[in-house]
Amino acid sequence: MLPKTEIPNTPVHTTPPPLIQVNGTHVEMGRQIGEACRQQVQHSIANAHVLIDSAYDQLELTWEGAQIQSRKYLPFAEERYPQYADEMRGIAEGANVAFDEVVTLNVMEAVTTDALHLTRCTSFAVNEQRTADGHVLAAHNEDWIPEDEDDVYVVSAKPQDEPPFLAMTYGGLLPNVGFNAFGIAQLIDSVYPSDSRIGIPRLVVARAVLAARRVSSAIGRAWVHHRAAGYNHMLIHESGELYSIEVSALRSEILHGTDGYLVHTNHYLAPTMKEVESDPEELISSRVRYFRANRLLRQSQTHSIKSLQAIQKDHVNFSNSICNHAVEWTDPLDREKTINAMVIDLTAREMHICWGNPCQNAYHTYHLDA
Ligand SMILES: [Zn+2]
C-alpha cells in the first residue's frame, strides 16, 4: 500500500457531506434539493458538458446532441413514473438550470452508449448471521468521475405519498442508493448490457425501487416493462434477505445471498445475463474486486461496521482497487475514483458515509427519523 500522502488526486474533506432534508410532493422535494444544492447541480452539469466535449472523438456527440438524445427517454419516464419526472423538474427549477440538462444528467449512461465505462462501484452486504450484534449491514463504494466528488450530498426525504428514505446522491441525479423506512436498502452497480434501447432511464427505475414497500415490489420495479437498460440492484431487507437483481433491457435474473453475505461489482454473474454483456474483457478489474471482496468477507465469521469499512479501504489491485483512485489522468472516459463510501446499518436505520476515498477520510453518521 502506498503511504497516505503519496496518493495523488485524493482530496481530504474536513466536513461531512451536506444533509438535505426535504418533504412534500415530488416537485416540491425536487425544488428543495435544487435550491439547497444549486451549486452542486450546476457544477455537475458543467462537468458533464466538459466530459462530453472531451470525448467527442469517441462519441461524436455534442452537449446539445446529448440533450436531444436524452429527450427521447423522457416520455417513457413520464408515462410510467411521472412523479420522478416531476422530481427532476423540481431540481431544475430549484437549481435555476434547464430541465433538459437535468434529464441529460440522469440519462448520461444511455446517451454515451455506455462508452463511459464508469461507476465501477463495489457493493456487499452481510445479514444477522454474520454480524456480532445481529444487525443487517450493507456497504457500497461509489466510483465516478473525480470532478463530481465536490457534488456529493445526502438526502433525507419524507415524500407525501411514499416511504421516507435516506440516500446519497451527487449533482442533479435522482437519489437511489440508500434505504427506506420499510427496511429496504438498495445499492446500485453499473453493468453493461448489449440490448439497451430507448425506454425508462436506469436512474428513474432505480429511484422507483427505493420507494418500494416490499421486497417483491422492489424486484418488480427493477424489471419494469419498457426499461432502457439495466443495473444490478442489490436489495437488502431488514429481515436479512439479500438479493442481487441483475437487469438488462430485456432480461433479468435474481441472485440470493444464501450464506449470510452477498457481493456485486460491475459484471453480470448469472449465466443468462452474461450472454448479453457487452465487452466482458473490459471488466477485468470488476472481477478482481468481486473476488477480493468475497474473500475478505469470508475471512471473518462475524462482521461489524468497522470490518466492512476496512474492506472498503482495500487497495489490492491499486488503483483499480475497491478503494478506487484516479492516479493517472488519461482517457476522459476512463477517469474515475471512489467519491464516497457508505455502510448502511439497516437494523439501526443509519448510514455511515465517508466523503471521498475511505482510506483518507472519516465516516459520518446520519439517521433516518421516520
Ligand atoms: Zn484508497
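Ser-285 is partly exposed, with 17 other C-beta atoms within 10 Å; a residue is called buried if 20 or more other C-beta atoms, placed from the backbone, lie within 10 Å of its own, exposed if 12 or fewer, and partly exposed in between. The structure is a predicted model, in which local features need pLDDT of at least 70 and side-chain atom pairs count only at pLDDT 80 or more, while totals for chains, interfaces and linings use all residues. Residues are numbered from 1 along each chain as its sequence is written. Helices (H or I, at least four residues) and strands (E, at least two) are DSSP runs numbered from the N terminus.

**Ser-285 and helix α12**

- Ser-285 lies in helix α12.
- Ser-285 touches Arg-120, Asn-317 and Asn-320, leaving aside residues up to four places away in sequence; contact requires C-beta atoms, placed from the backbone, to lie within 7 Å.
- Between Ser-285 and Ile-7 there are 278 residues of sequence separation and 19 Å in space, C-alpha to C-alpha.
- Helix α12 (residues 284-299) has 16 residues, which at 1.5 Å a residue should span 22 Å, and the 23 Å between its end C-alpha atoms agrees with this; the expected span is 1.5 Å times one less than the number of residues.
- Ser-286, Arg-289, Tyr-290, Ala-293, Leu-296 and Leu-297 are the buried residues of α12.
- These residues cover an arc of only 140 degrees around the axis, which puts them on the same side of α12; the arc is that of the directions from the helix axis to the C-beta atoms.
- An α-helix has 3.6 residues a turn, so residues three or four places apart point the same way.
- On the other side of α12, the exposed residues are Ile-284, Phe-291, Arg-295, Arg-298 and Gln-299.
- The cover over the buried residues of α12 includes β2, β11 and α13 (305-312).

**The six-stranded sheet**

- Six strands form an open sheet in the order β11-β2-β3-β12-β13-β14, with antiparallel pairing; two strands pair if DSSP finds at least two bridges between them.
- The edges are β11 (261-264) and β14 (363-367), each with a single partner strand, so one side of each is left without a neighbour in the sheet.
- On average, neighbouring strands of this sheet are turned by 15 degrees against each other, direction ignored.
- Strand β2 (residues 122-126) runs antiparallel to β11 and is joined to it by four bridges, with Phe-124 partnered by Val-263 of β11.
- Five bridges pair β2 with strand β3 (residues 137-144) in the antiparallel sense, and Ala-138 of β3 is the bridge partner of Ala-125.
- Five of the five residues of β2 are buried.
- Thr-122, Phe-124 and Val-126 lie on one side of β2 and Ser-123 and Ala-125 on the other, so that both faces are covered.
- In a regular strand the side chains alternate between the two faces of the sheet.

**Helix packing**

- Helix α1 (residues 26-36) and helix α6 (residues 82-95) pack at an angle of about 35 degrees, with their axes 6 Å apart; axes are lines fitted to C-alpha atoms, for helices over the stretch in contact, and angles run from 0 to 180 degrees between N-to-C directions.
- Residues in this contact include His-26, Met-29 and Ile-33 of α1, and Tyr-84, Met-88 and Ile-91 of α6.
- Helix α7 (residues 99-106) is mostly covered, six of its eight residues being buried.
- The buried residues of α7 are Glu-101, Val-102, Val-103, Thr-104, Leu-105 and Asn-106, and they pack against α2 (38-54), α4 (63-71), α5 (74-80), α6, α8 (108-111) and α9 (202-209).

**Loops and backbone geometry**

- Most residues other than glycine have a negative phi, and most peptide bonds are trans.
- His-226, not a glycine, has a positive phi of about 65 degrees; His-226 is found in the loop between α10 (215-222) and β8 (231-237).
- Asp-279, also not a glycine, has a positive phi of about 50 degrees and is placed in the loop between α11 (271-274) and α12.
- Asp-279 counts as exposed, with 10 C-beta neighbours inside 10 Å.
- Phe-318 and Ser-319 are joined by a cis peptide bond with omega of about 10 degrees, and Ser-319 lies in the loop between α13 and β12 (337-345).

Terms used:
Contact = placed C-beta atoms within 7 Å.
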